Amino acid sequence: MNHSGTIIAKIKDDNKIEVVRDIFFECNNCALCCKINEIPVIEKDITRILDHGYELDQFLKELSPVLIRSHQKKDSFIKAYFLKKKPFVKECVFLDEDEKCKIHKYKPLSCSIYPFAVRKDDESLLVIVHPKSVCASIDTDVNKEKSNTKKTVENLLSFEFLE
Ligand code: SF4
Ligand code: SF4
């Protein structure tokens, strides 16, 4: 998942949220994100999935890590891996026949926060939304009354970003 995106909010050290862009987002469970993306998983995600009885070769594309940007420190990197796809299609190996996630309760952080991502800058965490082309449920053309940016970012704060 490495789409360019738009910064919608900044989260300061005290978890104070500064809204930068009004958007409206409500997931419609279309599962597009499970079919078009390379899904990065970090070591904590892998441990959680292993704890539920899966073996590494069932869900990791390769056992060699790649480096992705850390959320903790600006310009630093952490090791990540990618989820495996089903044979001959681009769907995630955990997507079931009903287009539901088999590991929904302990899915990777990047899936839990999609279509958002977080990046560190000098003073805050930046919350970025991916473009509408990869998630049709994002509306970036809304006024303050319709916007749920703040509520969305508050929900994101229930996940542990700092690795
Ligand atoms: S693509 Fe967007 S709307 Fe569809 S399941 Fe993923 S997050 Fe939800
Ligand atoms: S782990 Fe679940 S939510 Fe994440 S891409 Fe796979 S099926 Fe979708």
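This is a predicted model: local features need pLDDT of at least 70, side-chain atom pairs count only at pLDDT 80 or more; totals for chains, interfaces and linings use all residues.
Let me begin with a term: a residue counts as buried if 20 or more other C-beta atoms lie within 10 Å of its own, as exposed if 12 or fewer do, and as partly exposed in between, with the C-beta atoms placed from the backbone. Lysine 44 has 12 C-beta neighbours inside 10 Å, and therefore it counts as exposed.

Residues are numbered from 1 along each chain as its sequence is written, and chains are lettered from A and ligands numbered from 1 in the order in which they are written.

Now to the chain as a whole. The protein chain comes to five helices and nine strands, where helices (H or I, at least four residues) and strands (E, at least two) are DSSP runs, numbered from the N terminus. Its C-alpha atoms fill a box of roughly 45 × 35 × 25 Å along the principal axes. How does the radius of gyration of the protein chain agree with that of a compact globule? For 163 residues such a globule would have a radius of gyration near 15 Å, and the protein chain has 16 Å, which agrees; the radius is taken over C-alpha atoms, and the globule rule is 2.2 Å times the number of residues to the power 0.38. Of the 163 residues, 23% count as buried. Two residues are in contact if their C-beta atoms, placed from the backbone, lie within 7 Å, and among contacts in the protein chain with a separation of 6 or more, 69% come from residues 24 or more positions apart.

Let me turn to the sheet. Four strands form an open sheet in the order E2-E1-E8-E7, with antiparallel pairing, and the edge strands are E2 (17-19) and E7, each of which pairs on one side only. On average, and with direction ignored, neighbouring strands of this sheet are turned by 30° against each other. As background, strands of a sheet pair through backbone hydrogen bonds, either parallel or antiparallel. Five bridges join strand E7 (residues 116-120) to strand E8 (residues 125-129), which run antiparallel, and the two form a hairpin with four residues between them. Within this pair, phenylalanine 116 stands opposite valine 129 in E8, and alanine 117 has isoleucine 128 as its bridge partner.

Isoleucine 128, in strand E8, counts as partly exposed because it has 19 C-beta neighbours inside 10 Å. Leaving aside neighbours within four places in sequence, isoleucine 128 is in contact with Gly5, Thr6, Ile7, Phe116, Ala117 and Arg119. Helix H5 (residues 149-156) lies across strand E1 (6-11), E2, E7 and E8, and runs at about 145° to E2; here the axes are lines fitted to C-alpha atoms, for helices over the stretch in contact, and angles run from 0 to 180 degrees between N-to-C directions.

Next come the ligands, for which a residue is near a molecule or strand if its C-beta atom, placed from the backbone, lies within 6 Å of it. Around ligand 1 are Cys27, Asn28, Asn29, Cys30, Ala31, Leu32, Cys33, Tyr114, Pro115, Cys135 and Ser137, a shell that divides into eight nonpolar, three polar and no charged residues. Around ligand 2 are Cys34, Ile39, Leu83, Cys92, Phe94, Leu95, Cys101, Ile103, Lys107, Pro108 and Cys111, and that shell divides into 10 nonpolar, no polar and one charged. In this scheme Ala, Val, Leu, Ile, Met, Phe, Trp, Tyr, Cys and Pro count as nonpolar, Asp, Glu, Lys and Arg as charged, and the others, Gly among them, as polar.

Finally, some backbone details. A cis peptide bond, with omega about 10°, joins tyrosine 114 and proline 115, and proline 115 has its place in the loop between helix H4 (109-113) and E7. Asparagine 15, in the loop between E1 and E2, has a phi near 65°, a positive value in a residue other than glycine, and it is exposed, with 10 other C-beta atoms within 10 Å. Glutamate 99, in the loop between strand E6 (77-82) and H4, has a positive phi of about 60° although it is not a glycine, and with 13 C-beta neighbours inside 10 Å it counts as partly exposed.

Methods: Two strands pair if DSSP finds at least two bridges between them.
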